[in-house]
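Please look over the model shown here before reading on. The report then takes its features one group at a time.

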Amino acid sequence: MNLRIPGPTPVPPEVLEAGARPMINHRGREFAGILDRVTNRLKEFFLTKNDLFILTTSGTGALEAAIVNTLSPGDRVLAISIGAFGDRFAKIAKIYGADVVPLDYEWGKAADPEDVRRALSSDPAIKAVLVTHNETSTGVTNPLAEIAGVVREFDKLVLVDAVSSLSAIPVRTDEWGLDFVVTGSQKGWMVPPALAPVAVSDRAWEANAKATMPRFYFDVGMAKDYLSRGQTPWTPAVSVFYGLELALEMMAKEGLENIFARHHRIAQIVRDGVKALGLEMFADERFASDTISAIKVPEGVDGKALQKLCEDEYDLIIAGGQAKLAGKIIRIGHLGFVSEEDVRSALDVLAKALPRLGFAVPAGGSRG
Ligand SMILES: Cc1ncc(COP(=O)(O)O)c(C=O)c1O
């Protein structure tokens, strides 16, 4: 089976095996050692010296942590949204009582840092900016360094959803001045779902001291206190910690820059293959993501039928469109434990499946 959704992603067999080890005392010395090593290694990937905590939750829980730990009800926040996950981040802020100022873009486009500058200069009451680095629903990567640069000029907080980018696309937490950065284990980290590492800057801690949104499970103050004793406040997903320790070792061996280069190379194979098939990418090409490709379903083809055919007859699992894009795009995930051959074989399946649904693929198929 070729699992080509943007998460959960395939897990290397040795990491799966590591996850099958017996349970240990999560308040004992052995777990304290694992927690310490994994936390420090993750900081290398976040490119940060900030505090880092590993929450047991999916990515959405970590987005909630970013909001409730830094804001108070009534605080004005600028919520940049280029798709379904940007909308989700804004929704969480709204539910907790933030005064959300939306900065929405047509899906498929990236955010423009100049719009962020305009929004911040015209509304000095804004305290924080929410931004999705890599919008998984549309296959677009926002220019995060530039956006964060603008936010820094205005000295606001920048809270970043890096769930489907961190580990695969550069996120330079300290260099770019990112205040609360969130990722999820089931994306580029080659482990199962359940852990969500978050990095918290000094500025975020200052905001935390004044933030009055209700919080309990996701209280990073509590996480800091427990981490100083080699523990997490609540029972952690111990098995996923075992796997993550090994996956991080494998990633360190490959090297961060090599991992970024591999993702870029593989994504380019997908983008070239999509064109060779006579298809069109959904994303603005200048901002097309290196971890997930959204592809327009051609006129006359039923997107859901295409997904089903790929799965039932070719063992290829791809994702469909979310929300208003349901049936209009298909999405191929290429993050984490992924090789050139994985995506080439996915493209070959599309070359076989599309003609069966009435779309004529150019001669040469996905390989041009
Ligand atoms: C960009 C982004 N943000 C947030 C999430 C939510 O993460 P989870 O489904 O792990 O809660 C996802 C997951 O697909 C994502 O891709």
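This is a predicted model: local features need pLDDT of at least 70, side-chain atom pairs count only at pLDDT 80 or more; totals for chains, interfaces and linings use all residues.

**Ligand surroundings**

Start with the ligand. Twelve names make up its surroundings, given here in chain order: Ser 58, Gly 59, Thr 60, Phe 85, Arg 88, Asn 134, Thr 136, Asp 161, Val 163, Ser 164, Gln 186 and Lys 187.

**Aromatic pairs**

How many aromatic pairs does the structure hold? There are 6. One of them is formed by Phe 31 and Phe 241: the ring centres are 5.0 Å apart and the planes stand at 75 degrees, so this pair is edge-to-face. The cut-off for that label is an angle over 60 degrees. Phe 31 belongs to helix 2 (residues 29–46), while Phe 241 belongs to helix 10 (residues 238–254). The pair thus links distant parts of the chain, 210 residues apart. Both Phe 31 and Phe 241 are buried.

Phe 45 and Trp 189 also pair edge-to-face. Here the distance is 5.9 Å centre to centre, with 80 degrees between the planes. Phe 45 is in helix 2, and Trp 189 is in the loop between strand 9 (180–182) and strand 10 (195–200), so the pair ties together parts that are 144 residues apart in sequence. Phe 45 and Trp 189 are both buried.

One aromatic cluster consists of Phe 216, Tyr 217, Phe 218 and Trp 234.

Charges also sit over rings. Arg 21 lies over the face of Tyr 242, 4.0 Å from the ring centre. Arg 229 has its charged end over the ring of Tyr 226, at 4.5 Å from the centre.

**Helix 5**

Next comes helix 5, residues 113–122. Which of its residues are buried? They are Pro 113, Asp 115, Val 116, Ala 119 and Leu 120. These residues cover an arc of only 155 degrees around the axis, which puts them on the same side of helix 5. An α-helix has 3.6 residues a turn, so residues three or four places apart point the same way. On the other side of helix 5, Arg 118 and Ser 122 are exposed.

What covers the buried residues of helix 5? The cover includes strand 3 (76–81), strand 4 (99–104), strand 5 (126–132) and helix 6 (144–153). At the start of helix 5, a side-chain oxygen of Asp 112 comes to within 2.9 Å of the backbone nitrogen of Glu 114.

**Backbone points**

Gly 7 and Pro 8 are joined by a cis peptide bond, with omega about 0 degrees. Pro 8 sits in the loop between strand 1 (2–4) and helix 1 (13–18).

Ser 167 is not a glycine, yet its phi is positive, at about 100 degrees. Its loop runs between strand 8 (157–161) and helix 7 (173–176). Is Ser 167 buried or exposed? Ser 167 counts as buried, because its relative accessibility is 2%.

Ala 323 is not a glycine either, and has a positive phi of about 50 degrees. The loop holding Ala 323 lies between strand 12 (316–320) and strand 13 (329–333). Ala 323 counts as exposed, because its relative accessibility is 60%.

Arg 271 lies in helix 11 (residues 256–276). Arg 271 is buried, with a relative accessible area of 6%. Its side chain reaches the backbone oxygen of Ser 289 at 3.1 Å. Leaving aside residues up to four places away in sequence, Arg 271 touches His 264, Met 281, Ala 288, Ser 289 and Asp 290.

Glu 299 is in the loop between strand 11 (292–296) and helix 12 (303–314). Glu 299 is exposed, at 79% relative accessible area. Its C-alpha atom is separated by 45 Å from that of Ala 237, 62 residues apart along the chain.

Key: Residues are numbered from 1 along each chain as its sequence is written. Side-chain values use heavy atoms; hydrogens and water are left out. Rings of Phe, Tyr and Trp (its six-membered ring) pair if their centres lie within 6.5 Å; planes under 30 degrees apart count as stacked, over 60 as edge-to-face and the rest as tilted. Helices (H or I, at least four residues) and strands (E, at least two) are DSSP runs, numbered from the N terminus. Buried means under 20% relative accessible area, exposed over 50%, partly exposed in between (1.4 Å probe, protein chains only). A charge sits over a ring if NZ of Lys or CZ of Arg is within 6 Å of the ring centre and within 35 degrees of the ring normal. The arc is that of the directions from the helix axis to the C-beta atoms. Contact means heavy atoms within 4.5 Å. A polar contact is a pair of N or O atoms within 3.5 Å; within protein, one must be able to donate a hydrogen and the other to accept it, and residues adjacent in sequence count only if both atoms are side-chain atoms. A residue is near a molecule or strand if one of its heavy atoms lies within 4 Å of it.
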